[in-house]
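Subject: Handover of a structure and notes on what was found

Dear colleague,

Please find below the structure that I am handing over to you. My notes on it follow, arranged by topic.

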Amino acid sequence: MEDAYRLTVAEASRLIRDGRLTPIRLLESVLGRIEELEPRVEAWVTLDEEGARASAEVLTKEAEEGALRSPVHGIPVGVKDIYFTGGLRTTMGSPIYADYVPTFDAETVRLLREAGAVIPGKTETTEFAYADPAPTRNPWNLEHTPGGSSSGSAAAVASGMCPSALGSQTGGSVIRPAAFCGVVGMKPTYDLISRGGVYPLSWSLDHVGFFTRTVEDAAIMLGALTGRTFAGETPSHEMRAPRLGLLRGFFQERAHEAVWGGFEEAVERLRDAGADVVEAALPDSFGLVTPAHRVIFASETASIHQGLFGARMEDYRPLIRGLIASGLLVPASAYLKAMRFKGRFAGEAEALLRDVDCLLTPASVTPALRGLESTGDASFNSPWSLCGFPSITVPSGLTAEGLPVGLQLVAGPYGEGGLLGAAGWCEEVLGFPKDPVDP
Amino acid sequence: MWGEEEALLLRSDLERIAQAVWEVENFEPGVEEEPYNPLRRGE
């Protein structure tokens, strides 16, 4: 099966289970796709063909013996290059760590390997997962950014270089690149999945997340990372139409015309299919979300980097330099008030969710920007990174320029099951193609 | 070394953080307000 790279996680998993596909053949197809596209897309920092083939051989033998470990048995999963991988270079997108080889796996990587996932390599990240861009290009249009900071993971999944990949989000680093690249991106509740062995950017805001091409695949990945079953929670044809709280105000005022136009069209389609879409009012305090997020983000990044920054300032690129330098000046009183506000906003956001299944917004302020200098604006995603609630994006259509845009759905803490169900329902109604894009 | 472009970027970062700090410093959580963390309730 030469074009096995086109399969979703669920499709490949079923074929492996039925003995019609082996993990090694799936890996070879994925490696072939990487060889073909990588010179143009630049999604990978480090490839580990040898290690991946060794794992896939073992998993193939196990599959032949009927010893399947989990639904991700034999599934290639790209890993963002801030997740530590024992024996495999992990650069954090920084020249400071250009040759750094961790001695242990991040807990998430350990769980995935244990569940039978195959790691073909490490995907490009912006420097330290902030905003200084990676070289990765958007597979929908190579002149455009794929977004960031999980740039390589989003582009790799969109173009079929792997069916799933790990990312992380502190502001909007999963949801935004997923939307820019026309794939599903999920950021579960703040502390649902371990951040152990993931290089921190901001302890209170960092989330583990991942990319897939379908909601069903997102449920499978979440299951592999939590040891729970979510896949059964997304039979969208059996699910009742969700009740969705549409957020306007800040989102409508800030959204690019093409994004808001596409969003309204998508909402109409959801309504026509039976979704109960009601207006949800943002709390008065919403105006403090961006400053509070910035104060916490800058302070914590400065604290994390203080020692290294003092010694190696010249090796930091301009945007993260500015974040650290400004974070060093934040008074403790402001940081503590921002943390108190974080709690207040979480309470208010939970109240917003009392009468609806999910909140609904566009996934990004703009479509993917032309050029690679900026990875885009995270302000539609950072509120949910601030309060720690789970969010997911589902591709909803293309702009007139042929760039993807997506919906963002947000649920209450630990509401991943309902969130996946609602997202699966929306995905089915919107019908965005799940095939990899050919750049 | 910091070039002119980087100095301008830094200035913009410093202005943004100063504005953010000013806005956050004006936030007054009430004494009666329970520090709220719904995430803990889900554990």
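Where in chain A is the place of A:T189? A:T189 sits in the loop between strand 5 (184-187) and strand 6 (207-212) of chain A. Please bear in mind throughout that this is a predicted model. With a relative accessible area of 1%, A:T189 is buried. Its side chain reaches the backbone nitrogen of A:Y414 at 2.8 Å.

A:S29 belongs to helix 2 (residues 23-41) of chain A, and its relative accessibility of 7% makes it count as buried. Leaving aside residues up to four places away in sequence, A:S29 touches A:M1, A:E2, A:D3, A:A4 and A:Y5. A:S29 and A:C162 are 133 residues apart in sequence, while their C-alpha atoms are 9.6 Å apart in space.

I turn next to two helices of chain A. Helix 9 (residues 257-272) of chain A consists of 16 residues. From its first C-alpha to its last, helix 9 of chain A reaches 23 Å, close to the 22 Å expected at 1.5 Å a residue. Which residues of helix 9 of chain A are buried? They are A:V259, A:W260, A:F263, A:A266, A:V267 and A:L270. These residues lie on the same side of helix 9 of chain A, because they cover an arc of only 125 degrees around the axis. The other side of helix 9 of chain A carries the exposed residues A:E257, A:E265 and A:D272. After helix 9 of chain A comes A:G274, which has a positive phi, near 115 degrees.

Helix 12 (residues 332-352) of chain A has 21 residues, which should span 30 Å at 1.5 Å a residue. The end C-alpha atoms of helix 12 of chain A are 30 Å apart, in agreement with that expectation. The buried residues of helix 12 of chain A include A:A334, A:K337, A:A338, A:F341 and A:K342. Further along helix 12 of chain A, A:F345, A:A346, A:A349 and A:L352 are also among the buried residues.

The contact between the two chains comes next. Chain B and chain A bury about 2800 Å² between them, and 63% of this area is on carbon and sulfur atoms. The contact draws 38 residues from chain A and 26 residues from chain B. Between chain B and chain A, six residue pairs are in polar contact, with both residues at pLDDT 80 or more. On the side of chain B that touches chain A, helix 1 (4-25) and helix 2 (38-41) of chain B each supply at least two residues. Helix 1 of chain B gives the largest share of that side, twelve residues.

How many salt bridges are found across the interface of chain B and chain A? The rule finds three. In one salt bridge, B:E28 pairs with A:K337, and the closest N and O atoms are 3.1 Å apart. This pair crosses between chains, from B:E28 in the loop between helix 1 and helix 2 of chain B to A:K337 in helix 12 of chain A. Is B:E28 buried or exposed? B:E28 is exposed, with a relative accessible area of 56%, whereas A:K337 is buried at 18%.

Salt bridges elsewhere in the structure complete these notes. Side chains of opposite charge can pair when their charged atoms come close. Over all chains, the structure holds 25 salt bridges. The side chains of A:D357 and A:R240 meet in a salt bridge at 2.9 Å, N to O. A:D357 lies in the loop between helix 12 and strand 9 (358-362) of chain A, and A:R240 in the loop between helix 7 (215-226) and strand 7 (243-247) of chain A, so the pair ties together parts that are 117 residues apart in sequence. A:D357 counts as partly exposed at 27% relative accessibility, and A:R240 is exposed at 52%.

Within chain B, B:R16 forms a salt bridge with B:D13, with 4.0 Å between the closest N and O atoms. Both residues lie in helix 1 of chain B, three residues apart, or about one turn of the helix. B:R16 counts as partly exposed at 44% relative accessibility, while B:D13 counts as buried at 5%. In chain A, a network of salt bridges links A:R33, A:E36 and A:D438.

With kind regards

Definitions and conventions: Residues numbered from 1 in each chain as written. Chains lettered and ligands numbered in written order. Predicted model: local features only at pLDDT ≥ 70, side-chain atom pairs only at ≥ 80, totals over all residues. Heavy atoms only, no water. Helix = DSSP H or I, 4+ residues; strand = E, 2+ residues; numbered from the N terminus. Expected span 1.5 Å × (residues − 1). Buried < 20%, exposed > 50% of the residue type's maximum accessible area, 1.4 Å probe, protein only. Arc of directions from axis to C-beta. Contact = heavy atoms within 4.5 Å. Buried area = accessible area lost by both parts, 1.4 Å probe. Polar contact = N/O pair within 3.5 Å; in protein donor to acceptor, adjacent residues only side chain to side chain.
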